Amino acid sequence: MEDWLTEWVNTVEKSVTEAIVQTAESIEVWTDEIVEQLDQQLEETVIWSQERSDEVYQQLREVFPLDELSQEIDRTLDDWLEGLEFLLFDEDSGDWDIQDSERNSDPFVHITYVHPSKSTHPACINCQHYHGHMYGDTLLVCGMHPYGWEGEDCPDWEGPVRGED
């Protein structure tokens, strides 16, 4: 009597396993088809969006001559900024800070640069390690001496010989 029961359990187990495998294969095929359709629809949407964007850009260029307008804005700003060059020049050190203003040109980040001078951090004048940026109310002078070196001769100073630029 045990043989027919074992045989029946094996048959049921085999049938259930085959059904599960067949179901898994069907789900995989169905999923692949869905992904393929979604991929195709997404690609069509991207192409449609790019075409609409190009059309809008062309219409805007006809209404607003963007190239001419941006060039005129650049010229106006350049003329206006020429009168403000004195703000970038530190009379005590004789340095122009144009490199730092270009490096920190992010309009959303306000960083104040403090030049070393004869009265403030004289040991740092022309040192390549000088950082000089204000973070809140704190000035970071350099990595070796965050608050600056007391005195005129810093042991970590590196840069051109003083007096030669």
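**Figure 1. Glu 51, with a relative accessibility of 40%, counts as partly exposed in this predicted model (buried means under 20% relative accessible area, exposed over 50%, and partly exposed in between, with a 1.4 Å probe and protein chains only).** The model is a prediction in which local features need pLDDT of at least 70 and side-chain atom pairs count only at pLDDT 80 or more, whereas totals for chains, interfaces and linings use all residues. Residues are numbered from 1 along each chain as its sequence is written, and side-chain values use heavy atoms, with hydrogens and water left out. The side chain of Glu 51 meets that of Arg 52 in a salt bridge with an N to O distance of 3.8 Å, where a salt bridge is a side-chain nitrogen of Lys or Arg within 4 Å of a carboxyl oxygen of Asp or Glu. Arg 52 also counts as partly exposed, at 26% relative accessibility.

**Figure 2. The side chains of Arg 52 and Glu 55 meet in a salt bridge of 2.8 Å, N to O.** Because Arg 52 and Glu 55 are three residues apart in helix H1, about one helical turn separates them; helices (H or I, at least four residues) and strands (E, at least two) are DSSP runs numbered from the N terminus. Glu 55 is partly exposed, with a relative accessibility of 40%. Through salt bridges that share partners, Glu 51, Arg 52 and Glu 55 are joined into one network, and the structure as a whole holds two salt bridges.

**Figure 3. A nonpolar surface patch of about 690 Å² is made by Trp 4, Leu 5, Trp 8, Val 9, Val 12, Val 16 and Ile 20.** Patches are made of residues with over 30% relative accessible area and no salt bridge, like charges being joined within 9 Å and nonpolar side chains (Val, Leu, Ile, Met, Phe, Trp, Tyr) within 5 Å. Leu 5, one of the residues that make the patch, is found in helix H1 and counts as partly exposed at 42% relative accessibility. For the protein chain, the accessible surface comes to about 13900 Å², of which 56% belongs to carbon and sulfur atoms; these areas come from the Shrake-Rupley method with a 1.4 Å probe, and for residues only the protein chains shown count as cover.

**Figure 4. Three strands form an open sheet in the order S3-S4-S5, with antiparallel pairing.** The edge strands are S3 (112-113) and S5 (138-140), each of which pairs on one side only, and two strands pair if DSSP finds at least two bridges between them. Strand S4 (residues 133-135) runs antiparallel to S5 and is joined to it by three bridges; Tyr 135 has Thr 138 in S5 as its bridge partner.

**Figure 5. The loop between S3 and S4 contains His 121, which is buried at 17% relative accessibility.** Apart from its neighbours within four places in sequence, His 121 is in contact with Pro 116, Leu 139, Val 141, Tyr 147 and Gly 148, contact meaning heavy atoms within 4.5 Å. Phi of His 121 is near 55°, a positive value in a residue other than glycine. Asn 126, which is found in the loop between S3 and S4, likewise has a positive phi, near 65°, and is a residue other than glycine. Across the protein chain of 165 residues, buried residues make up 13%.

**Figure 6. Residues 93-102 stay under 50 in pLDDT, which is the predictor's confidence in each residue, from 0 to 100.** The chain as a whole has a mean pLDDT of 78, with 74% of its residues reaching 70 or more. Its three helices and five strands run α-α-β-β-α-β-β-β from the N terminus on, and of the contacts with a separation of 6 or more, 37% are accounted for by residues 24 or more positions apart.
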